[in-house]
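Hello,

Here is the structure I promised to pass on. Have a look at it first, and then read my notes below.

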Amino acid sequence: MTIPTVALNDGSVLPRLGFGTYRLTGGNGTRAIRSALRAGYRLLDTAVRYGNEPEVGEAIRASGVDPAEVVVTTKLPGRDHGYQATLASARESLRRLGRHRIDLYLIHWPLPRVGRYLDSWRAMIELREQGLVRSIGVSNFTEAMLTRLVDETGVTPAVNQVELHPYFPQRALRDFHAATGIRTESWSPLARRTELLTEPVLGRIARAHGVTPARVVLRWHVELGSIPLPKSVDPARQRENADVFGFALTPEEVEEVSALERGRIWGGDPETHEEF
Ligand SMILES: NC(=O)c1ccc[n+]([C@@H]2O[C@H](COP(=O)([O-])OP(=O)(O)OC[C@H]3O[C@@H](n4cnc5c(N)ncnc54)[C@H](OP(=O)(O)O)[C@@H]3O)[C@@H](O)[C@H]2O)c1
């Protein structure tokens, strides 16, 4: 399966769908990530906080896929905010991944109370200039925080990875991203499964296209122009989730899915959520 790509504001490209690796640790984690690569995924989403950067590196090496074809995202943890700490943290991530460059490096959470995300952003610009990182972006940033980064440094993040699924479609933030050239990535794109996949409207649209509700949801992300990062340990579900480029939803169907809106699935509010 070949997943198409999309351009970023820094001239590089990302696959239009990636693979989430949260909780994929140890031997089972490595096997799940390797199987995702064999199924055709070329964008892997990890983080220092997931504790599986070594597994990601090992899965790439064991997969038989050309490592240069794989785009690895990792994320700066809260405990390493600050200019020097960010430079050191990136080097540690590179060592654990066993790679020479981080393809996409994100600030995991803004932690406004700590107040150092701007220093980290300046360090990420430096890391990009040094060639240790290809693309730089953020995660869980609000419009005001994004505006501050751009106003203070003149560098617009390539990506903002945020909670996004039919229960939380993030209309206003997506519009802001589109207007400023920031690519949206969707975390928990299936709303961690919850009861989303049993919503009657998804069943109806799925039957109309001869696909599963999960494929409808992931195609909805693609129609919105956001890059979903579904996670699955199961090879069959991994293949199912990547198979969303052979059908399309109508604008009415996209609206029907977006109408499931009701809010975040847990308390991940960027203004208050803290993890280190
Ligand atoms: N930046 C951030 O702050 C942040 C926060 C959260 C997540 N993330 C990223 O986003 C990724 C995805 O989010 P997530 O892992 O929270 O949730 P998700 O991808 O929305 O959902 C994963 C859950 O759905 C199940 N599932 C997957 N495909 C399915 C299918 N086709 N049919 C039925 N069930 C299916 C999985 O079970 P099985 O594994 O058994 O298939 C798993 O329980 C993470 O892995 C991580 O990389 C980032």
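What covers the buried residues of helix 9? The cover includes strand 3 (19–20), helix 1 (26–39) and helix 8 (213–224). Helices (H or I, at least four residues) and strands (E, at least two) are DSSP runs, numbered from the N terminus.

Before going on, please note that this is a predicted model, in which local features need pLDDT of at least 70, side-chain atom pairs count only at pLDDT 80 or more, and totals for chains, interfaces and linings use all residues. Residues are numbered from 1 along each chain as its sequence is written, and side-chain values use heavy atoms, with hydrogens and water left out.

Helix 9 spans residues 235–242, and its Gln 238, Asn 241 and Ala 242 are buried (under 20% relative accessible area, 1.4 Å probe, protein chains only; exposed is over 50%, partly exposed in between). These residues cover an arc of only 95° around the axis, so they sit on the same side of helix 9; the arc is that of the directions from the helix axis to the C-beta atoms.

Helix 8 also passes helix 10. The contact (heavy atoms within 4.5 Å) is made by Val 216, Trp 220, Glu 223 and Leu 224 of helix 8 with Val 254, Val 257 and Ser 258 of helix 10.

Finally, a residue in helix 3 (residues 83–97): Ser 93. Ser 93 counts as buried because its relative accessibility is 0%. Leaving aside residues up to four places away in sequence, Ser 93 touches Val 48, Glu 53, Thr 74 and Ile 102.

Best wishes

Key: Left-handed = near helix turned anticlockwise from the far one by under 90°.
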